[in-house]
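Subject: Structure for your review

Dear colleague,

Please find below the sequence and structure that I am handing over to you. My notes on the findings follow directly after.

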Amino acid sequence: MTSQRTKILVTGGAGYIGSHAVVELYQAGYQPVIVDNFSNSEESALAGIESILGVAVPTHRIDCADETALRGVFEAEPNIAGVIHFAAFKAVGESVQKPLAYFQNNVGSLLTLLAVMPEFGVENLVFSSSCTVYGIPDALPVTEATPTKPASSPYGRTKQMCEEIIHDVSGAPNNKLRTILLRYFNPIGAHESAKIGELPLGVPNNLVPFITQTAAGIREKLTIFGNDYDTPDGTNIRDYIHVVDLAKAHIVAVQRLLDHKADEIVETFNVGTGNGNTVLEVVQTFEKASGQKLNYVIGPRRPGDVPAIYADATKAEQVLGFKTESSLADSLASAWKWQEQLRNK
């Protein structure tokens, strides 16, 4: 019976990472409840989730920053045991163009959530943070103890601010909030069913959907932003994690909070593979995994881009018992399968 499943509210649950987390939550025995305003996601994600699970997941179409609407969701869904907060704008380049929108949405939605949760006795939060909080690190790989430096973009600054807000709220007297901050690296790929995946609205801001759309003939060419960085081939280095692996990290984090196993009021974990790959390596791996030849050109550097960052994933493995399973080639093959399925539609 679904009524006996532990209820987890998932803000941004129709988005790219959120939709995969909803699937993993349900398959792990939880009852996910989706909140999404569909400003950066598609209704088709709900159909994909339902097709995978065989059930419709309760969904509330509201803006997470709307306090009255969010309170209404908690009233309509009694006994929520925890929240996974994904809802945020997430494009580094766009945040440089539209900083105010990023602060209003990313910081505003967290403030609203933190105001409403205690009213309903909800004390467990998994927060979707980012490796952008490290800024341009002095040494690689970055550990959770790596100092955060000035962020390279307004997007990164919103994640830094949100982390600080959570620490401050957690340090207040009579606070009951327990939070796990998950600092993501670069999620890519799609569910093995190819029923959900990354669905950028308009021109993709992320590398892999731009690669798959170029291979599918939707885009004329891929532009690689800069080949003069201090890296082995001059292109940016990132830590690319399969989105299903990333989704599974949230299930482990939720369970840790519900089991009262957290060592601190706020715990922080890097969620990455522990490997860095250059943009050119990703392009070449995609060509091998998909059998497609990519048309790409080198362009100027993009504002807000960090030259290189990848995770030390030791803490997540030792403390959470979480380790990624998929290779870069697996992830890229799943992204291409998803793109082909979109094309066939």
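**Pockets and cavity**

The lining of the second largest pocket comprises eight nonpolar, three polar and two charged residues; in this classification Ala, Val, Leu, Ile, Met, Phe, Trp, Tyr, Cys and Pro are nonpolar, Asp, Glu, Lys and Arg are charged, and the others, Gly among them, are polar. Please note that this is a predicted model, in which local features need pLDDT of at least 70 and side-chain atom pairs count only at pLDDT 80 or more, while totals for chains, interfaces and linings use all residues. Residues are numbered from 1 along each chain as its sequence is written, and side-chain values use heavy atoms, with hydrogens and water left out.

The volume of the second largest pocket is about 240 Å³. Its lining has 13 residues, and Pro118, Val122, Asn175, Lys176 and Leu177 are the ones nearest the centre. On a 1 Å grid over the protein atoms alone, a pocket is an open set of points with protein on both sides within 12 Å along at least five of seven lines, whereas a cavity is a set of points where a 1.4 Å probe fits but cannot get out; lining residues have an atom within 4 Å of a point. Grid points are joined across faces, edges and corners, and a volume is the space filled by probe spheres set on the points.

The whole structure holds one cavity of 30 Å³ or more. The largest cavity contains about 40 Å³ of space, and its lining consists of Ile8, Gly82, Val83, Asn124, Leu125, Val126, Val254, Leu257 and Leu258. At least two lining residues come from each of strand 4 (80-85), strand 5 (124-130) and helix 8 (243-258); helices (H or I, at least four residues) and strands (E, at least two) are DSSP runs numbered from the N terminus. Seven of the residues lining the largest cavity are nonpolar and two are polar, with no charged residues.

**Nonpolar cores**

A nonpolar core is a set of buried Ala, Val, Leu, Ile, Met, Phe, Trp, Tyr and Cys residues joined through side-chain atoms within 4.5 Å. Buried means under 20% relative accessible area, exposed over 50%, and partly exposed in between (1.4 Å probe, protein chains only). The largest core has 41 residues, of which Ile49 and Leu182 touch the most other members. Elements supplying at least two residues each include strand 1 (6-11), helix 1 (16-27), strand 6 (178-184) and helix 8. Helix 8 provides the largest share of this core, nine residues. A second, separate core of 26 residues includes Val33, Ile80, Ala87 and Cys162.

Beyond residues up to four places away in sequence, Leu182 touches several residues, among them Val126, Phe127, Ala249, His250 and Phe269; contact means heavy atoms within 4.5 Å. His250 belongs to helix 8 and is buried, at a relative accessible area of 0%. Apart from neighbours within four places in sequence, His250 is in contact with Ile17, Ile84, Phe86, Val126, Leu182 and Tyr184.

**Cysteines**

How many disulfides are there? The count is zero, where a disulfide is a pair of cysteine sulfur atoms within 2.5 Å. For Cys64, the nearest cysteine sulfur is that of Cys162, 11 Å away.

**Backbone and loops**

Leu140 and Pro141 are joined by a cis peptide bond with omega of about -5°. Pro141 is located in the loop between strand 5 and helix 6 (154-170).

Ala194 is not a glycine, yet has a positive phi of about 60°. This residue sits in the loop between strand 7 (186-188) and helix 7 (207-215) and is buried, with a relative accessible area of 5%. His260, also a residue other than glycine, has a positive phi near 55°. His260 lies in the loop between helix 8 and strand 11 and is exposed, at 69% relative accessible area.

Ala308 occupies the loop between strand 13 (296-299) and helix 10 and counts as buried at 14% relative accessibility. Although 71 residues separate Ala308 and Ile237 in sequence, their C-alpha atoms are 4.4 Å apart. Setting aside residues up to four places away in sequence, Ala308 touches Pro137, Leu140, Thr231, Ile237 and Arg238.

Yours sincerely
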